[in-house]
Amino acid sequence: MLQEKRKAQLKKLLCSLKINEEIDLQLIHQSLIHPSYLLHNGDSEENNQRLEFLGDAVVGLVIGQYLFEKYPHKSEGELTKMRAFIVCESALAYGARLLNLGEYLQMGKGEAASGGEKRPSNLADCFEAFMGALYLHLGLERVRSLILKVLESRIEQAAKGNFGNFKAQLQEHVQQNPENRVNYKILHEEGPDHNKKFVAAVYLNDEEIAQGSGRSKKEAEQHAAQCALKEMGVL
């Protein structure tokens, strides 16, 4: 049985998304329960993993159908790369942040103390679970419009051929805090002109967070951004 305080929280979340239909709040609640919460509380409630399974299929179908219809001249390989970029963990975590799902995610004390509400894997999972819960109540068309709206920036990046653009992903990730600044610096280069190797560093607020190398300055910076995303647990 949901407590009144929790019901009020969930109603606030749905209201912020302009969802006014009668929805089973217990199911919405379940979509926002991390497995660690039940281990800590010894509760008999279900966690969000089954809804995550459903939501993963729903999000994949929505994005797959959209790309198939929007880009009839793109090959299967291109569409596959685009979809993978749009529904990857970092993109879904970004979507969860836009919806403030981390604020409503219930976790065990250990997970919460380690910043679990900001962890990309937790956010991506609860995004899928939340969409799965909404799908069961609102149907595909209604949840489709929400998914496309939330992932709009990723879809636009993919349409421009930016999938695999680690610099764009890093910029998107760190700008969750508008005060963050990212810049790059070529540290050194080596080798003859026909076979150069460049080493780049990426800085967050003037602090070096990763280095990368490549056969061009651009490639080195992309590699540095990729390494930074891995260090942050985004990739």
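Visitor: Which residues in helix 4 meet which residues in helix 5?
Guide: This is a predicted model. Helix 5 covers residues 76–86. From that helix, L79, M82, R83 and I86 take part. Their partners in helix 4 are G60, I63, G64 and L67.

Visitor: How many nonpolar, polar and charged residues has the contact of helix 4 with helix 5?
Guide: The contact brings together G60, I63, G64 and L67 with L79, M82, R83 and I86. Gly counts as polar. By class, the contact has five nonpolar, two polar and one charged residues.

Visitor: Is helix 4 oblique or perpendicular to helix 5?
Guide: The two helices pack at an angle of about 140 degrees, with axes 10 Å apart. Roughly antiparallel would need an angle over 145 degrees. Helix 4 is therefore, relative to helix 5, oblique.

Visitor: What is the handedness of the crossing of helix 4 and helix 5?
Guide: Two packed helices are described by the angle between their axes and the distance between the axes. Here the angle is about 140 degrees. The crossing of helix 4 and helix 5 is right-handed.

Visitor: How is helix 4 placed relative to helix 8, parallel or perpendicular?
Guide: Helix 4 spans residues 49–70 and helix 8 spans residues 120–138. Their axes come within 7 Å and cross at roughly 80 degrees. Angles of 65 to 115 degrees count as roughly perpendicular. So helix 4 is, to helix 8, roughly perpendicular.

Visitor: Which residues of helix 4 make the contact with helix 8?
Guide: Helix 8 contributes D125, F127, E128, A129, M131, G132, A133, Y135 and L136. By class, the contact has 10 nonpolar, two polar and four charged residues. On the helix 4 side stand L51, E52, L54, G55, D56, V58 and V59.

Visitor: Where do the buried residues of helix 12 pack?
Guide: Helix 12 runs over residues 217–231. Its buried residues are A220, E221, Q222, A224, A225, A228 and L229. They pack against helix 11, strand 1 (182–190), strand 2 (197–204) and strand 3 (207–214).

Visitor: Is the crossing of helix 11 and helix 12 left-handed or right-handed?
Guide: The axes come within 8 Å and cross at roughly 45 degrees. Helix 11 and helix 12 are therefore oblique to each other. F166, K167, Q169 and L170 of helix 11 meet E221, Q222, A225, Q226, A228 and L229 of helix 12. The crossing is left-handed.

Visitor: How far apart are the end C-alpha atoms of helix 12?
Guide: Helix 12 has 15 residues. At 1.5 Å a residue, they should span 21 Å, and the model agrees. The end C-alpha atoms are apart by 21 Å.

How values were computed
Residues numbered from 1 in each chain as written. Predicted model: local features only at pLDDT ≥ 70, side-chain atom pairs only at ≥ 80, totals over all residues. Heavy atoms only, no water. Axes fitted to C-alpha atoms, helices over the stretch in contact; angles between N-to-C directions. Helix = DSSP H or I, 4+ residues; strand = E, 2+ residues; numbered from the N terminus. Parallel < 35°, antiparallel > 145°, perpendicular 65-115°, else oblique. Contact = heavy atoms within 4.5 Å. Left-handed = near helix turned anticlockwise from the far one by under 90°. Expected span 1.5 Å × (residues − 1). Buried < 20%, exposed > 50% of the residue type's maximum accessible area, 1.4 Å probe, protein only.
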